[in-house]
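Please open the model in your viewer and keep the selection tool at hand. The stops below say what to pick next and what is found there.

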Amino acid sequence: MSDELEREFAREIMKRYGIQLTDIPTKDTQTPDFECILGSDRYTIELKKKEDDSNETAKFIEEFKKGGIVQEIAVIEPRPRLNRIIKDGVRQISAHDPEKSSYSLVWMHCAGRQPDVHYAKSLSTILGRESLSSLNRKHWMWCYYFRDSTFFRLKGRLDAVILTTLISDKATFLLCVNSHSPRYLDFKQSEICKRLPAKALLDPIDEEKIGHLIADCALDRNDEGAVLMYLQTKYNLDHLQTIPMNHYSGTQKIPK
């Protein structure tokens, strides 16, 4: 989608929830895309898009033309480039609202050949999310902040991230709440969270209440073993281990 198409997509999505986005006039310097006022609450939103890497796309096309099956493996883990994209959005919001009089939201639209993969990588990056299993539990669990996370890095400047995709004209929408933000409790009580349905909100604190985990520890996130030991003790779990949920796909050109 072009920039204007993305902006219109964002407006239409929010209209479904009775929320109107107002364009912020463009200045000489980069400005955020939208402002939103709901009752006494004010929000500033910067819209970003995550597409395919051009080098990876060129490699895929080259292999695709050769025929046969093009196999791809996408590792679902925090991505530095995604961090930089969100950080740039926060920088624009901070420049526009240096007094922090509004809530700060970055809207990440995931596009490209496999938008669902970008979506999963975004969740991993923003929330440091990892899947775990234990002998104590019948099912696997999500652990939030298991990895390094954008929310922790930008805890004083970012209140939430909106994630969207558009696949076969079906839109996916999720508001991820930064539980590290000093304004977390106020944001959860703000009008935008009241207007959105529960399924459109992702809050690690609420996720913990239904059986998922939070690594709320001052440990190096590169030391996976130490984080696992902390979680085993905190939740009284046995044999806790990660279950990497990577994405595997195969594409083949069908002869006419």
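## A tour by selection

Begin by selecting C36, which is buried at a relative accessible area of 2%, where buried means under 20% relative accessible area, exposed over 50% and partly exposed in between, with a 1.4 Å probe and protein chains only. This is a predicted model, in which local features need pLDDT of at least 70 and side-chain atom pairs count only at pLDDT 80 or more, while totals for chains, interfaces and linings use all residues. Residues are numbered from 1 along each chain as its sequence is written, and side-chain values use heavy atoms, with hydrogens and water left out.

Next select C217, which counts as buried at 15% relative accessibility. The structure holds zero disulfides, a disulfide being a pair of cysteine sulfur atoms within 2.5 Å. For C217, the nearest cysteine sulfur belongs to C143 and lies 8.1 Å away.

Now select residues 115-127, helix α4, where a helix is a DSSP run of H or I with at least four residues, numbered from the N terminus. Its 13 residues should span 18 Å at 1.5 Å a residue, which agrees with the 18 Å between its end C-alpha atoms; the expected span is 1.5 Å times one less than the number of residues. Because 11 of the 13 residues are buried, α4 is largely enclosed by the rest of the structure; among the buried ones are P115, H118, Y119 and K121.

Technical notes:
Helices (H or I, at least four residues) and strands (E, at least two) are DSSP runs, numbered from the N terminus.
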